[in-house]
Amino acid sequence: MHYKARRGGHGEGALRHGAEGGELVVRVAPGTQAVDWDGTAYDLVVPGARVVLARGGPGGRGNKRFATATRQAPRFAERGLAGQEGWVDLQLKLLADVGLVGLPNAGKSSLLSRLTRAAPKVADYPFTTLEPVLGTLESDDRQLVLADIPGLIEGASEGAGLGHDFLAHVERTRLLVHVLDLAPLDGTDPAANWETIESELSAHDPRLAALPRVLALSKADLVTPDAAAAAAVSWHARLGDEAPVLVTSSATRAGLDELASELLRRVPVDAPRPVAELAAEQELAEHRVFRPAADRGWQVESVGAGAFRVSGAPVERLLARFDVDNDEALAHIEHRLHRMGVVRALEAAGFEPGDDVEIGGVVFELDPG
């Protein structure tokens with residue numbers, strides 16, 4: 001999709017400036033991540049947050065701006081420059097406290113519908129849930145937002161199945177509930193199923209492997225109580241105390257109150273603050289920082305006998321602003337090149353007055369006085 005801001009107006013007579021271009025605002029949902037054409041990512045997680053992705057080009061100044069005591073009526077003016085443009089990737093990542101992950105048909109949707117007032121689609125075939133569903137778990141004094149992440153499969157981190165589209169949604173969660181079917185209808189091994197999901201989470205983003213976990217053994221009503229209890233003991237021995245293991249059944253509501261209490265207990269009341277934000281608030285020691293001089297932003301090279309090329313954004317913008325066929329404009333360009341140090345660099349490279357100089361694809365004879 002293309003978005004284009006309104007361009008600015010032209011200057012007019014009687015020293016009147018052209019109108020500024022209009023501001024184009026693209027509204028996105030909180031939780032959206034914008035990645036610009038340079039690969040810079042911006043996380044818009046707070047309602048009302050704004051980020052400037054593409055700046056409009058600067059307007060050109062009229063001839064009055066270049067008047068001097070000896071040149072009171074200049075016959076040249078600046079051109080305006082084009083604004084920035086490029087492709088921006090917008091990706092919505094859910095803002096949820098808890099993410100429910102697991103294989104298709106593991107029982108995540110049923111669990112969400114029982115814990116909250118959400119009404120996800122529930123059916124007995126894979127990929128029933130085709131988009132994330134949010135629900136709110138409420139207690140007397142707080143709420144948690146739960147997200148039912150559509151079923152993942154082996155290879156999801158590489159784009160297989162629903163792939164990256166939904167793995168990205170678990171990045172912002174603070175706790176993961178791994179929902180594991182105690183009695184898979186396809187006869188697969190629950191341990192192998194658990195390993196599949198954990199491997200895909202780690203492969204997508206190693207940070208996900210560090211998120212706290214709760215293991216919910218689902219569909220306990222389909223196995224005997226002894227089998228469910230034995231499975232809980234086995235998984236507790238495997239995972240240790242870091243990941244609570246709860247036996248649940250959405251059909252009978254067994255274990256759901258315990259799961260809700262565990263989620264409310266394990267998710268902190270205040271979200272953890274980013275390390276960078278905390279570091280910025282630390283009192284800094286008094287000291288002086290010496291930084292190297294900024295790069296001048298342009299380069300000079302010889303491209304043949306009596307021919308030179310100057311490249312770089314500052315000089316290319318200078319050429320774009322003026323008409324080199326206008327003698328007064330060309331004299332102004334030469335003056336600016338002197339001040340920028342370009343002429344000095346050209347002379348150091350062997351330039352002589354009258355040699356050809358190319359800047360931004362424009363070749364002209366430079367004879368600085």
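**Reading a predicted model**

Guide: In this predicted model, confidence is lowest in helix α7 (residues 275–281), at a mean pLDDT of 40, and highest in β9, at 95. Here pLDDT is the predictor's confidence in each residue, from 0 to 100. Helices (H or I, at least four residues) and strands (E, at least two) are DSSP runs, numbered from the N terminus.

Visitor: Which other stretch has a pLDDT below 50?

Guide: Where pLDDT is low, the predicted coordinates should not be read in detail. Over residues 125–130 the pLDDT is below 50, and this stretch has 18 contacts in the model beyond near neighbours in sequence. Contact means heavy atoms within 4.5 Å. Residues 153–164 also stay under 50, with 29 contacts beyond four places in sequence.

Visitor: What does the protein average?

Guide: The mean pLDDT is 78, and 78% of the residues score at least 70. Two ground rules apply. Residues are numbered from 1 along each chain as its sequence is written, and side-chain values use heavy atoms, leaving out hydrogens and water. Local features need pLDDT of at least 70, side-chain atom pairs count only at pLDDT 80 or more, and totals for chains, interfaces and linings use all residues.

Visitor: How many helices and strands are there?

Guide: The protein has ten helices and 13 strands. Of its 369 residues, 36% count as buried. Buried means under 20% relative accessible area, exposed over 50%, partly exposed in between (1.4 Å probe, protein chains only).

Visitor: Where is D355 found, and is it buried or exposed?

Guide: D355 sits in the loop between α10 (342–348) and β12 (356–359). D355 is buried yet has no salt bridge. A salt bridge is a side-chain nitrogen of Lys or Arg within 4 Å of a carboxyl oxygen of Asp or Glu. The nearest side chain of opposite charge, R309, is 15 Å away. Lys and Arg count as positive, Asp and Glu as negative; His and the chain ends are not counted.

Visitor: What does the side chain of D355 reach?

Guide: The D355 side chain reaches the backbone nitrogen of E352 at 2.9 Å. Leaving aside neighbours within four places in sequence, D355 is in contact with residues including G306, F308 and F364.

Visitor: Which residue has a phi near 60°?

Guide: Most residues other than glycine have a negative phi. K219 has a positive one, near 60°. K219 is in the loop between β8 (213–218) and α5 (225–239), and is partly exposed at 22% relative accessible area. R253 also has a positive phi, near 65°. R253 lies in the loop between β9 (245–247) and α6 (256–266). At 37% relative accessibility, R253 is partly exposed.

How values were computed: A polar contact is a pair of N or O atoms within 3.5 Å; within protein, one must be able to donate a hydrogen and the other to accept it, and residues adjacent in sequence count only if both atoms are side-chain atoms.
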